[in-house]
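Have a look at it below, then read on.

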Amino acid sequence: MTRILVVEDEPYLADLVATALRYEDYEVTIAATGSAALALAAGTDPHLIVLDVLLPDVLGTEVCRRLRAGGSQVPVIFLTARDSTDDRIGGLSAGGDDYVTKPFSLEELTLRIKAVLRRTRHPAPPPAEPPPSARVSFADLVVDDDTYEVFRAGQPIDLTPTEFKLLRFLLDNAGKVLTKRQILDHVWEYDFGGNDGVVQTYISYLRRKIDRDGPPLIHTKPRIGYVLRLPGRP
């Protein structure tokens, strides 16, 4: 069974989420503090963590940073009562894969969990005859589909699975303006109910990584969407 760790200090909400997830046939463990979450993550090896940001002993973002520093790549969905761009980017920069703003519906949370699990699990049966190269490049940006590595001007860039999928979609459509709805449908694979703010957040953080030390490759088309192209090109 798929194991999910729910980290939430409000007992009623934690039990509500756990009951909904067990109904979906997930195996659920609950933690009420950050320290308990770290211990359970090490002991139960969950497939995904639902992590409240405001915990009584340590922020959820710090819990996620410690997991990543210890080498864990378990997907993390943050639960947050704040919806500002800085707060969302803070969660992503800590290593989170998605976020849900309180109050939320259990159906929305379940859909996001399924979507994150789909895009963070990479079943890769070896092909009978592997292709000559799994690398795709644009300008000085190189993406390796086999190793999930990204390089810019020869320097490695660490991306989360969601960021990788977003960049890969932009790369597949280099030079073409993609609408937020197209990006949502391809990268997240479920209905956000019209809320496309997650795209802006992920684009913002992806830019910080991809365009940090070189000419910008990710550009905004006002009121339409985003495009991967060389600077100065129409």
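In this predicted model, the side chain of Asp-211 has a polar atom 3.0 Å from the backbone nitrogen of Leu-217. That side chain has another partner too: a polar contact of 3.4 Å links it to the side chain of Arg-152.

Is Asp-211 buried or exposed? Its relative accessible area is 14%, and the cut-off for buried is under 20%, so Asp-211 is buried. Setting aside residues up to four places away in sequence, Asp-211 touches Arg-152, Leu-206, Pro-216, Leu-217 and Ile-218. So Arg-152 and Leu-217, the partners named above, turn up in that list as well.

Now hop over to another loop residue, Pro-46. Pro-46 is in the loop between helix H2 (34-44) and strand S3 (48-52). Its relative accessibility comes out at 8%, which means that Pro-46 counts as buried. Which residues does Pro-46 contact, once neighbours within four places in sequence are left aside? They are Arg-3, Leu-5, Leu-40, Ala-41 and Val-74. Thr-29 is 17 residues away from Pro-46 in sequence, and their C-alpha atoms are 8.8 Å apart.

| Residue | Loop between | Relative accessible area |
|---|---|---|
| Pro-46 | H2 (34-44) and S3 (48-52) | 8% |

Next, a pair of strands. Strand S1 takes in residues 3-7 and strand S2 residues 27-31, and the two pair in the parallel sense over 5 bridges. To get from S1 to S2, the chain passes through helix H1 (residues 11-23), making a β-α-β crossover that is right-handed.

Finally, step back to the whole protein. How many helices and strands does the protein have? There are 8 helices and 12 strands. Of its 234 residues, 46% are buried. Looking at contacts between residues at least 6 apart in sequence, 58% join residues at least 24 apart.

Note on methods:
Residues are numbered from 1 along each chain as its sequence is written. This is a predicted model: local features need pLDDT of at least 70, side-chain atom pairs count only at pLDDT 80 or more; totals for chains, interfaces and linings use all residues. Side-chain values use heavy atoms; hydrogens and water are left out. Helices (H or I, at least four residues) and strands (E, at least two) are DSSP runs, numbered from the N terminus. Buried means under 20% relative accessible area, exposed over 50%, partly exposed in between (1.4 Å probe, protein chains only). Contact means heavy atoms within 4.5 Å. A polar contact is a pair of N or O atoms within 3.5 Å; within protein, one must be able to donate a hydrogen and the other to accept it, and residues adjacent in sequence count only if both atoms are side-chain atoms. Two strands pair if DSSP finds at least two bridges between them. A crossover is right-handed if, with the strands pointing away from the viewer, the path from the first strand over the helix to the second runs clockwise.
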